[in-house]
Amino acid sequence: MELRSNDSENRTLLKSIDWVTIVLYAILIVAGAVSIYAATYNFDKASMFDFSGFSGKQFMWAGLSFILGLSLLLIDRRLYEAYAYPIYGVMILLLIVTIFVAPDIKGSRSWLVFGPVSLQPAEFAKFATALALAKLFSTYGFALNNWRNYAIAGGIIMLPIVCIILEKETGSALVYTSLIFVLYREGMSGFVLFAALCAITYFVVVLKFATVMLMGIPLGTFIAFVIVMVLTVGMLLVYCRSFILGRNVLLAYIAGGLLAWGLTWLGVSVNGYVFFGLMVGGTVIYLLYGMLHDDMRRILITIGFIVASVIFMFTVDFAFNHVLQEHQQKRITVVLGIADDPRGVGYNVNQSKIAIGSGGILGKGFLNGTQTKLKYVPEQHTDFIFCTIGEEEGFVGSTIVLLVFLALILRIIALAERQHTTFGRVYCYCVASYLIFHLSINIGMVLGLCPVIGIPLPFFSYGGSSLWGFTFLLFIMLRIDADRASYGVW
Amino acid sequence: MRKDYNLEKRKFVIAGFIIVVVCIYIARLFVLQVGDSTYKQNADSNAFIERVIYPSRGLIYDRNDSLVVYNQPAYDLVMIPKDVQPFDTLDLCNTLQISREVFEKRLADMKKGRNYSGYTQQIVMNHLSAQDYGRLQEKLYRFPGFSIVQRILRQYNYNAGANILGDIREVNQRDIDNDSYYRSGDYTGDLGVEKSYERWLRGRKGSEILIRDALGKIKGRYNDGANDIMPEAGNDLHLSIDIKLQELGERMMRGKVGAIVCIEPKTGEILALVSSPSYDPSLLIGKERGKNYSMLLNDPRMPLFDRAIMAAYPPGSTFKPTQGLIFLHEGIINLSTAYPCHRGFISGGMRVGCHGHGSPIPLKPALQTSCNAYFCWGLKHMLESKRKYGSVAGAFEVWKKHMVSMGYGYKTGIDLPGESRGFIPNVAYYDKNLGQGKWSAYSIISDAIGQGEILATPLQIANLAATIANRGYYITPHVVRYIDGVGVLKKNLERHETSINNSYYTPIVEGMRMAVTGGTCRGANIAGWEVCGKTGTAQNPHGRDHSAFMGFAPMKDPKIAVAVYVENAGFGATFGVPIGAVMMEQYLNGKLSPAREAVARRMENTSLYSAKLYGGKKQEGSNKKQDASGKKQEGGDKKQDASGKKPDAKSEKQAANHN
């Protein structure tokens, strides 16, 4: 490694830093602080920079985070790599300490209070976990090809999740599950992602249509069965690459379906469980026979998928009614549109939809939002900040914000792929994953598409911890990226 | 390093995922903001507000269905400071007919309040008049952030029974913490049945969800009211109190300190529960409540202290029938057992004074003349029956159990808050205060005549009268007959049998009858009814003797049992008997004979206040202490029985009773 003078190092740094990310970051952070000013604007405090108001504080946090970002850029990436595990260890320790010393604030014990300043260690554990994961994957010879390595990687992710759940901050804990994207990029079987997606689909479908009956079974179960059948055919054709098996199963399904429809038309009632039992059961038996001629392993996996799907469908109902707590059930049913609850859980979502809807195409203009001014939307400067944008800047403004976020995430993925080291790539993907999760869940919740999980919108929601947490993530990433040249292939 | 191009392709899956999500969200935004008309309509600066609808509180009737307590609407002007937009202050002040300075001072005071928050409803002015309300209602849309809340006030048809009825007040933080039903600004019962029957009286709050525009104007109901919850009115109470009888009792107790309790023996229903001095229940309504409440609280005569159930007095000679019952049941005496009385009980070097009557004397005449010596001898013989009980302590334990079975030493369980349990000592108490094994029948002989350590509430004394009238049982005394829509509460039907054999009540009743026909309470005679009674004159450390009376009528199939207790009023016959007689006659005949009316007027016009205010105050103070320590003991009730420390610090062993 060549040695350079401090001066030339800085000049190189300026040249090699990714200015696109910095500009996107700056746009978001300024837009965020201005939104908080709009969201908390009232007639008493008119100044945007009044440090006693929310927006003044947020501007202060933003200014400090620029300084913090600059200092982080001056730290050599070798330090991050060398101290990844110790940093992770210290952050986990901090999370554990927080469980015991943090005061109870609105039911959560996740805030460390130092006089006037409160910090949420869960936000800072994000970059530490990313560093640790990057370090793990960059270990010579490490690959996700045996259970031991899966367990280690899973352990690094699970540890902060457990700590944060114990702090009663389930939302912040769930953020870490997004690191499954990183595992996927680094070699985890795509089947896991596929299975997770299927599971979520079954869950939503079964619960959402649980009350209407069709052929003697709930409509939700009916639809889920149809999805299983479609996926079975798809897997046979694409995954098993067996045209004959796929075609035969498909033809059998069509024939069975027509038969059932015909019988019903003739006035013979066909029980759904019997029908689908015959269809799916027959498929499994037929595939067991087909295994003899084709790719045995892949067909076995397909059979496993069918059986697991059916079992999962029937456990969803049980899990929902017997495992989830009442308020969790409520949030889910409200989001799925099963229950209307304008007083309780549904209130936030309803108000936020009304506020956004009132924005129209161009919005009511900066500071002219009335919904948010009159405090109809609760938590509007924290988790529901996107309402203010929707109301005041309209469809155009909110779409721009979404696109800037998308650009940032895509840019980070691009940065990730241009890294020469596994360490750098894994770290970048961690940052991208966190952002994907925060963006999807927060905006989804404000738009009434996801359950209300209390996590902030990065750079926008009020609060220094979240802002600083993401600043840490981004600027460490930028420094790692800036140093990529000195880690060429040699 | 080696690049795995197979894995690098996965970046498209991840990037694709977020691109799809963002596209879905943009589509959703488009639907909400551009496409969907329902949200647009709803949204144009509209929002939900949830408004609480207060139920009407249950009404209160007396036993003859006269309306005693009813509701009257009142209006509060409230504001949510953060919702307030610039408005015409002068217009608002003119509408409210107050000056601008007053209004601004109110706002400033409001901001200084302990519970002030810009986001929650704050009361600007409460109890607006109907006219102010009408004018303001029309203009309210001009004052965004302000609204009017309808509340209820209680109104009283009679200036009587304040101690029974109680009042309502705004909930405090402790109420809110204890019961999730309450929100700040709600009302709750404070004293009397308003408190003990709060659950039924309050009903259930409803709420409506309204759509409101940015100017604060209500645009309609959300979802056509499908999500509204209608309030449920509270249940009406039907008291067992006869409000006319109650008024008469309070009239006669004017200028005196004490209590009257009348019970219908068969049902345990309380017909009158007078505590004196009393107060006008209307004092505790609305705006003036705070001021008047502290005035009553600081009154040295303590009108808020319900002497009928909270004050513990020495029962004096009204206690003697219980002793006769115990001695008969335990076989210590029979009807022909006679004890000597030479102007008192003289034995073992001590003397309990009595007055002149024949000697020796058997049970019934002893009750008739209220002979102290007779009951002292009885108790001495009982406690010294070593063969039967083993020891004085053993005998005393049996005695105490009988007393408890007759409703003494514990709360009777009346449906009013704050009842005192009185005091019946037990072995442990004497062991502690006099030394184990160091006390004998002589040390506690004055218990036999309702002095010594014995304390009872007027309610317990009336309950004894009811028990004797029933010949051996009582129903838990109560003031609420039934609740509309709910019926009679089970606990108000509970029958308590005493541990005394029922046949022994007959001679006691006869003795009490003799006391009226030719004994200490001749003044209680009512033409046409066979009245039974027993006077009491209780020595006490606070000055003149207390005057007491306990009785019931008629002798066969009794309809009313009564206890009267007048502090520092002298002989039982001077105040207790005539007041008791008036109460019984009024209830039995529905009216008073002219002669009795004259008695009632004489009672009404006799004031015992002026001389003894200071003594009275001290007395009440110590009674309060008694009550408090009684509460402390409650936890150990079952185990500890009627032991407990007796707070009244007096230590007279000698008691004279001149009836």
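This is a predicted model: local features need pLDDT of at least 70, side-chain atom pairs count only at pLDDT 80 or more; totals for chains, interfaces and linings use all residues.
**View 1. Packing of helix α2 against helix α3 in chain A.** Helix α2 of chain A spans residues 19-40, and helix α3 of chain A spans residues 54-73. Their axes come within 8 Å and cross at roughly 165°. Angles over 145 degrees count as roughly antiparallel, and α2(A) and α3(A) are therefore roughly antiparallel to each other. The crossing of this pair is right-handed.

**View 2. Residues at the contact of α2(A) with α3(A).** Helix α2(A) contributes A:I29, A:A33, A:I36, A:Y37 and A:T40. These meet A:F54, A:S55, A:Q58, A:F59 and A:A62 of α3(A). By class, seven residues of the contact are nonpolar, three are polar and none is charged.

**View 3. Packing of helix α11 against helix α12 in chain A.** Helix α11 of chain A comprises residues 219-239, and helix α12 of chain A comprises residues 243-265. The two pack at an angle of about 160°, with their axes 7 Å apart. Helices α11(A) and α12(A) are therefore roughly antiparallel to each other. Their crossing is left-handed.

**View 4. Residues at the contact of α11(A) with α12(A).** On α11(A), the contact involves A:M229, A:T232, A:V233, A:L236 and A:L237. Their counterparts on α12(A) are A:F243, A:L245, A:G246, A:V249, A:L250 and A:Y253. The contact of α11(A) with α12(A) holds nine nonpolar and two polar residues, with no charged residue.

Conventions. Residues are numbered from 1 along each chain as its sequence is written. Chains are lettered from A and ligands numbered from 1 in the order in which they are written. Axes are lines fitted to C-alpha atoms, for helices over the stretch in contact, and angles run from 0 to 180 degrees between N-to-C directions. Helices (H or I, at least four residues) and strands (E, at least two) are DSSP runs, numbered from the N terminus. Angles under 35 degrees count as roughly parallel, over 145 as roughly antiparallel, 65 to 115 as roughly perpendicular and the rest as oblique. A crossing is left-handed if the near helix is turned anticlockwise from the far one by less than a right angle, and right-handed if clockwise. Two residues are in contact if their C-beta atoms, placed from the backbone, lie within 7 Å. Ala, Val, Leu, Ile, Met, Phe, Trp, Tyr, Cys and Pro count as nonpolar, Asp, Glu, Lys and Arg as charged, and the others, Gly among them, as polar.
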